[in-house]
Amino acid sequence: MLDVGRHPNINLLAYSEIEKVDGEVGDFKVTVRRKARYVEEEKCTGCGACKEKCPTVVPDAFNEGLGERKAIYSYFAQGIPSTHTIDPDHCRQLQGKKCGICAKTCQAEAINFDQQDRILEIDVAAIIVCSGYDVFDPSLIPEYRYDQIPNVVTAIEFERLLSASGPTDGHLDRPSDRAIELEIEAFEKKAKKSQKMIQKFEDKYSETSADLYAKYQKGEYKDDEDRVKWAEKYAAHLAVMEPLDALKRKAESFSVAKKLAFIQCVGSRDFRFFPFCSGYCCMHSIKEAIIAHEHETETTSTIFGMDIRAVGKGFEEYKVRGGNHSNITYVRGRVAEITEGPDSNPVVTYEDTKERKVKSEAFDLVILATACAPTKGILELSNILGIELDPYNFVKTSSLSPVDSTRPGIFVCGCAESPMDVPESVAQASSAAERAAESAFQADLKKEEAVA
Amino acid sequence: MSKDILVIGGGIAGIQSSLDLADMGKKVHLVECLPSIGGKMAQLDKTFPTNDCAI
């Protein structure tokens with residue numbers, strides 16, 4: 001990524017969208033909208049002082065909503081370009097309220113609330129589409145209860161939990177436990193406030209609040225306005241402390257997730273959604289199970305799937321190594337249902353096809369290997385580009401020209417073409433690059449011939 | 001007439017195509033809709049089968 005930012009031949013237009021494409025191979029005219037960041041790219045040094053001071057907290061899309069960012073943010077820590085961006089939907093200043101703290105903090109004077117979208121016209125000879133994929137939304141599968149059971153997560157969410165730079169610093173804290181910890185934090189804040197309040201009274205009257213309250217309940221101090229206020233404040237304090245103590249006791253038993261279940265083909269190979277195989281999810285789950293085991297050697301993982309498709313150089317060996325050294329059990333069987341058991345543990349009901357029995361088992365965390373879905377924006381993009389899509393909305397290609405779209409001069413690679421893993425995307429990307437260069441060269445040659 | 005190439009999407013595929021073309025001496029315009037390039041791959045902790053860091 002760093003190389004892209006530094007390469008003299010690459011003009012990086014991040015935070016931009018394609019608006020219009022005219023012309024033909026060798027001579028396309030492209031209109032690009034550079035969305036306003038409200039931060040001037042040339043001035044921003046990426047120091048991050050602005051986001052430390054920004055008062056507005058927003059769920060972090062890069063961490064799949066598991067973490068938080070500020071209204072002024074860098075998409076992720078090592079992001080290229082490192083320019084920060086203001087989220088206009090959440091920024092106080094851009095929502096018409098008084099703020100501007102980031103502008104006061106920024107020593108480079110890069111904040112510009114008046115920045116507008118800019119329209120660029122670019123002339124190009126060829127175009128490569130690599131617009132990627134969307135993670136399939138598992139809430140569409142009612143029996144997996146993804147949006148009801150907090151400890152059922154998607155593979156990409158699990159990836160963020162595993163990451164040392166993720167919201168849990170790489171610890172496999174369960175989402176249900178993290179929610180309770182956040183609740184405790186909120187209660188503690190309240191308790192601190194109410195404690196301060198009753199402390200003032202205790203100092204004033206040199207009596208403990210408990211004693212005062214006991215006397216108050218017996219009917220004393222009825223006419224003493226100040227002490228009545230004290231008793232009321234103490235009652236409010238107790239109302240905060242009781243649930244806080246209960247939650248704290250509950251939190252004592254929390255530990256990281258050690259018993260994991262991976263469910264394969266969530267949305268793929270499923271005639272309700274996508275009949276195709278997404279290709280990378282089997283290896284993705286094995287990798288996540290191996291990494292989880294590296295983090296915590298007691299971790300055990302069960303991978304539920306119709307079959308494990310370890311097709312690729314070194315992949316089968318990787319799968320076997322996972323089984324032998326990383327406590328992975330492979331179960332052949334499709335999961336019928338996930339329910340919530342005691343201690344927020346998801347319970348997986350499945351058919352073990354080897355034993356021909358329906359079984360139920362509770363896990364700490366269930367990870368859904370979600371399908372590779374076409375991007376939502378691909379319909380609009382394909383209209384702009386004038387290219388055809390296949391029935392699933394991946395870019396249409398043919399088997400003899402696997403990176404050529406239906407419009408000459410426009411090529412495709414990566415998951416925009418079909419589901420594929422990183423090595424395959426890289427190989428196809430090189431192929432598309434070569435085809436684009438070739439078609440640009442040929443168009444140029446044709447023009448020269450016409451002139452001659 | 002321009003000899004530049006436009007690459008739409010700054011994930012691993014877009015990054016690889018851009019670098020290949022740029023190394024060939026082509027001028028590349030890389031358009032990404034999010035604030036930073038990297039795409040889904042940047043969200044991955046490690047990549048299989050070598051368990052290399054994705055970033």
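In this predicted model, 81 residues of chain A are in contact with 48 residues of chain B. About 5300 Å² is buried between chain A and chain B, and carbon and sulfur atoms give 67% of that area.

**The interface between chain A and chain B**

- The size of an interface is often given as the accessible area lost when the parts come together.
- For chain A and chain B, that area is about 5300 Å².
- On the chain A side, the residues that lose the most area to chain B are A:Met1, A:Asn9 and A:Tyr75, which together make up 12% of what that side buries.
- The rule finds one salt bridge across the interface of chain A and chain B.
- In a salt bridge, the side chain of A:Asp444 meets the side chain of B:Lys3, with N to O at 3.2 Å.
- Polar contacts across the interface of chain A and chain B come to 29 residue pairs, both residues being at pLDDT 80 or more.
- Helix H11 (residues 422–451) of chain A supplies 13 residues, the largest share of the side of chain A that touches chain B.
- By residue type, the side of chain A that touches chain B consists of 48 nonpolar, 15 polar and 18 charged residues.

**Strand S9 of chain A and its two partners**

- Which strand of chain B pairs with strand S9 (residues 126–129) of chain A? The partner is strand S1 (residues 5–8) of chain B, and the two pair in the parallel sense over four bridges.
- Within this pairing, A:Ile127 stands opposite B:Leu6, and A:Val129 stands opposite B:Ile8.
- S9(A) is also joined by three bridges to strand S20 (residues 410–412) of chain A, and these strands run parallel.
- A:Val129 stands opposite A:Val412 in S20(A).
- In a regular strand the side chains alternate between the two faces of the sheet.
- In S9(A), A:Ala126 and A:Ile128 point one way, while A:Ile127 and A:Val129 point the other way.
- All of these residues of S9(A) are buried.

**An exposed loop residue in chain A**

- A:Gly96 lies in the loop between strand S7 (85–86) and helix H3 (101–105) of chain A.
- Why does A:Gly96 count as exposed? Its relative accessibility is 65%, and exposed means over 50%.
- A:Gly96 and A:Thr299 are 203 residues apart in sequence, and their C-alpha atoms are 50 Å apart in space.

Notes
Residues numbered from 1 in each chain as written. Chains lettered and ligands numbered in written order. Predicted model: local features only at pLDDT ≥ 70, side-chain atom pairs only at ≥ 80, totals over all residues. Heavy atoms only, no water. Contact = heavy atoms within 4.5 Å. Buried area = accessible area lost by both parts, 1.4 Å probe. Salt bridge = Lys/Arg side-chain N within 4 Å of Asp/Glu carboxyl O. Polar contact = N/O pair within 3.5 Å; in protein donor to acceptor, adjacent residues only side chain to side chain. Nonpolar A, V, L, I, M, F, W, Y, C, P; charged D, E, K, R; others polar. Pairing = 2+ DSSP bridges. Buried < 20%, exposed > 50% of the residue type's maximum accessible area, 1.4 Å probe, protein only.
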